[in-house]
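Here is a short report for a reader new to this structure.

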Amino acid sequence: DLQGANIEYGPLPEQCVDPNLPEKFVNHGSMVAATIVGQGGEGNVQGVAPDAKLIVYQAGTGKGPGADSPECSPTAADVSGRVFHAAEAGADVVSLSFNSLEDTAVAYLTMRDIPVFESGGNLKETTSSFAPGSIALGAHDAQGKVPEWSATGADVSLVAPGVDLYMRPSGSNAPLEKTAGTSLSAPIAAATLALGKQKYPEASGHQLAQSLARNTVAGNPDLQRVSDTEGYGAIDAIKFMDADPTQYPDEPPFAHKEGYHGAD
């Protein structure tokens with residue numbers, strides 16, 4: 001699925017990572033990567049933005065033999081620490097399907113015009129994406145219905161496909177299997193924005209995020225919240241690609257979060 005994709009990998013020192021990391025985490029990362037840049041072809045996973053460059057950052061587990069060393073500290077090695085590397089590398093968009101970014105990391109990305117998409121969680125309530133600026137994704141099925149397990153609450157921003165998607169577990173010869181989760185919804189939304197960046201390179205990241213939120217399946221030109229289940233609606237890649245994002249405000253559409261207990 002990933003053969004021929006433009007992928008750069010940023011590993012951590014071995015001492016920062018648990019050598020007995022469960023296989024499910026390896027599967028998870030591979031599936032998320034294929035969702036974005038899968039090269040398709042007969043029997044293979046087709047990613048949303050196959051020509052995009054994907055930079056993958058390994059995150060520390062805090063359980064490695066050198067977990068107390070400076071290079072393995074949370075500031076350097078956890079998911080919030082790693083997004084600073086992504087910004088320095090020139091990333092146009094960040095997608096996260098593992099844990100939740102700290103407020104300061106989201107603020108750092110947002111102030112640098114880098115939209116950040118986070119999976120909202122699969123435990124009914126939103127379990128991540130609380131920080132102002134973060135774009136929190138819930139999941140919907142092929143009929144547009146949001147399942148009971150998908151994230152819900154004031155922090156949900158948008159919903160994207162995340163039910164009964166055929167993905168491949170780790171291993172080049174493993175068969176495809178049905179997979180579900182907001183972990184796939186977030187990269188689908190982020191990759192859709194990447195397509196928009198390819199077509200409208202002059203648009204800012206904030207304008208592209210505005211367009212994604214306004215050109216939903218039901219249409220949301222005035223950026224009105226639909227519900228705690230759908231947020232501002234379901235993304236519509238066709239409508240999004242047809243709309244010129246430079247017509248929209250150059251500001252993050254989700255800078256305010258109802259459930260946030262600090263100063264936006």
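Two axes count as roughly parallel at angles under 35 degrees, as roughly antiparallel over 145, and as roughly perpendicular from 65 to 115; the rest are oblique. The model discussed here is predicted.

**Helices α5 and α6**

Start with helix α5 (residues 182–199) and helix α6 (residues 205–214). Their axes come within 10 Å. They cross at roughly 120°. The two helices are therefore oblique to each other. The crossing of α5 and α6 is right-handed.

Which residues of α5 meet α6? On the α5 side they are A189, T192, L193, G196 and K197. On the α6 side, G205, L208, A209 and L212 take part. By class, this contact has 5 nonpolar, 3 polar and 1 charged residues.

How many of the residues of α6 are buried? The count is 10 of the 10, so α6 is largely enclosed by the rest of the structure. The buried residues run from G205, H206, Q207, L208 and A209 to Q210, S211, L212, A213 and R214. Several elements cover them. Among the helices are α4 (103–111), α5 and α7 (237–242). The cover also includes the strands β4, β5 (135–140) and β6 (158–161).

**S119 in strand β4**

Strand β4 spans residues 116–119, and S119 is found in it. Is S119 buried or exposed? The cut-off for buried is under 20% relative accessible area. S119 has 8% relative accessibility, so it counts as buried.

**The aromatic pair of F84 and Y108**

A pair of aromatic rings is described by the distance of the centres and the angle of the planes. A search of the whole structure finds 2 aromatic pairs. One of them is formed by F84 and Y108. This pair is tilted, with 4.5 Å centre to centre and 55° between the planes. F84 lies in helix α3 (residues 79–88), while Y108 lies in helix α4. The pair therefore ties together parts that are 24 residues apart in sequence.

How accessible are the residues named above? The table sets out three of them.

| Residue | Relative accessible area | Class |
|---|---|---|
| S119 | 8% | buried |
| F84 | 27% | partly exposed |
| Y108 | 21% | partly exposed |

Conventions. Residues are numbered from 1 along each chain as its sequence is written. This is a predicted model: local features need pLDDT of at least 70, side-chain atom pairs count only at pLDDT 80 or more; totals for chains, interfaces and linings use all residues. Side-chain values use heavy atoms; hydrogens and water are left out. Axes are lines fitted to C-alpha atoms, for helices over the stretch in contact, and angles run from 0 to 180 degrees between N-to-C directions. Helices (H or I, at least four residues) and strands (E, at least two) are DSSP runs, numbered from the N terminus. A crossing is left-handed if the near helix is turned anticlockwise from the far one by less than a right angle, and right-handed if clockwise. Contact means heavy atoms within 4.5 Å. Ala, Val, Leu, Ile, Met, Phe, Trp, Tyr, Cys and Pro count as nonpolar, Asp, Glu, Lys and Arg as charged, and the others, Gly among them, as polar. Buried means under 20% relative accessible area, exposed over 50%, partly exposed in between (1.4 Å probe, protein chains only). Rings of Phe, Tyr and Trp (its six-membered ring) pair if their centres lie within 6.5 Å; planes under 30 degrees apart count as stacked, over 60 as edge-to-face and the rest as tilted.
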